[in-house]
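Open the model in your viewer and keep the selection tool at hand. We will go stop by stop.

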Amino acid sequence: MPATDTVKQNVAAHWGKRAAHFDTDFGHSIHTPAERAAWDRVFGLALGGRQGLSALDIGCGTGFLSLELAARGHHVTGIDFAPEMLALAKEKATAAGAAVRFEEADAENLPFAADSFDLVMTRHVLWTLPHPEAAVEEWIRVLRPGGRLAVIDGHSLVAPGEEQVYSARRSAEYAPISDRLPFLMGKSQEDIEALFRAKGLIAVAGDPLADVIMAQNERALTEGEELRPRRRYVVWGDVPPR
C-alpha cells in the first residue's frame, strides 16, 4: 500500500471517530454573541462582498463552513473523506433546510472539472494533508478566473506533544504519520500568503482573527477550558482574470 494511502486512511479514521462529538468540541461551533460577531466579520473578509457564489468547502467536516455559506445565499458543495462527518453534515443541512451538496472526496484530488467554482474555502485542513502545496494547486485548478481561494488555518505555538491531551496531533492515528505531514504544526499567516502568491494568486491578503481568538478565550474562561497559545488567520487570494 502506498505511504500516502496509509496517511489518508489514518486521517479519515481519526476524524470519523470524532464525528459524533465534533460539534461539541471546543472551538468547532459558534456559541456566544461575541463568537457570532467575530465569525460574521471573517466571512465578510473572505467573501469580499461577493453574492450568489458557487462555493466549494474542502474538508467540510460536519458542515460548519458549508452551512454558513448557504445561509448567506451561496450555492455550496462540501467534500470530506470521513463518511461519518458527511453523514452528520447532511443531517444538519436537512434540519436547516439548506440545499448543500455533500460528497465523499479527496482534498488533494478533486472530482471536479477546471473552472467549476467561484469560491474555494477551507478551515483547518492544510495541516492534515501529506501534500499541502500540491493541494493548493488543485484548489486553484477548480476555480474560475477571478475566483477566490480562502483558507482559515493556524500556527501552533507549543512544541509537538505539548498540546491539549485531546489534540488530534497526539492521537493514535496521527502518531505514526506525523512525519509525513509537512504542515503538521501549521504555518504562519505570512507563509500561507507567500504560498498563495507563489501559486499565482493575486490580491493576496489576510487577517489574524484576533476577535475570534478573544471571543473563544472569553468563552473558555467561563467554561473552565484550558487553551494553549495559538495563532489563527484567514488568508485569501484571487485567480487572475484571463
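Which residue forms a salt bridge with glutamate 103? Select arginine 101 to see the partner: the closest N and O atoms of arginine 101 and glutamate 103 are 3.3 Å apart. Keep in mind that this is a predicted model.

**Stop 1: glutamate 103**

Stay on glutamate 103. Glutamate 103 sits in strand E3, residues 101-104. Is glutamate 103 buried, partly exposed or exposed? Its relative accessibility is 23%, so glutamate 103 counts as partly exposed, because that class lies between the 20% limit for buried and the 50% limit for exposed. Arginine 101 is also partly exposed, at 42%.

Now show what surrounds glutamate 103. Leaving aside neighbours within four places in sequence, glutamate 103 is in contact with Gly78, Ile79, Asp80, Leu86, Pro111 and Phe112. Next, pick proline 83. In sequence, proline 83 and glutamate 103 are 20 residues apart. In space, their C-alpha atoms are 9.0 Å apart.

**Stop 2: the sheet**

Switch to a cartoon view. Seven strands form an open sheet. Trace them in the order E3-E2-E1-E4-E5-E7-E6; the pairing is mixed. Which strands stand at the edges? They are E3 and E6 (202-207). Each has a single partner strand, so one side of each is left without a neighbour in the sheet. From one strand to the next, the twist averages 15°.

Select E1 (residues 54-58) and E4 (residues 117-123). These two strands run parallel and are joined by four bridges. Zoom in on aspartate 57: its bridge partner in E4 is methionine 121.

**Stop 3: two helices crossing**

Two packed helices are described by the angle between their axes and the distance between the axes. Select H2 (residues 33-47) together with H3. Their axes come within 12 Å and cross at roughly 75°. H2 and H3 are therefore roughly perpendicular to each other.

Which residues meet here? From H2, show Arg36, Trp39, Phe43 and Leu47. From H3, show Phe64, Leu65, Glu68 and Leu69. This contact holds six nonpolar residues, no polar ones and two charged ones.

**Stop 4: salt bridges**

Side chains of opposite charge can pair when their charged atoms come close. How many salt bridges does a search of the whole structure find? It finds 18.

Select aspartate 40 and arginine 72. They form a salt bridge, with the closest N and O atoms 2.8 Å apart. The pair links distant parts of the chain, 32 residues apart. Aspartate 40 lies in helix H2, and arginine 72 lies in the loop between H3 and E2. Aspartate 40 is partly exposed at 33% relative accessibility, and arginine 72 is partly exposed at 26%. Arg36, Asp40, Glu68 and Arg72 are linked in a network of salt bridges.

**Last stop: helix H7**

Select H7, residues 210-223. The side chains of arginine 219 and glutamate 223 meet in a salt bridge, 2.9 Å from N to O. Because they are four residues apart in this helix, about one helical turn separates them. Color the pair by accessibility. Arginine 219 counts as buried at 6%, whereas glutamate 223 counts as partly exposed at 47%.

Methods. Residues are numbered from 1 along each chain as its sequence is written. This is a predicted model: local features need pLDDT of at least 70, side-chain atom pairs count only at pLDDT 80 or more; totals for chains, interfaces and linings use all residues. Side-chain values use heavy atoms; hydrogens and water are left out. Buried means under 20% relative accessible area, exposed over 50%, partly exposed in between (1.4 Å probe, protein chains only). Contact means heavy atoms within 4.5 Å. Two strands pair if DSSP finds at least two bridges between them. Axes are lines fitted to C-alpha atoms, for helices over the stretch in contact, and angles run from 0 to 180 degrees between N-to-C directions. Angles under 35 degrees count as roughly parallel, over 145 as roughly antiparallel, 65 to 115 as roughly perpendicular and the rest as oblique. Ala, Val, Leu, Ile, Met, Phe, Trp, Tyr, Cys and Pro count as nonpolar, Asp, Glu, Lys and Arg as charged, and the others, Gly among them, as polar. A salt bridge is a side-chain nitrogen of Lys or Arg within 4 Å of a carboxyl oxygen of Asp or Glu.
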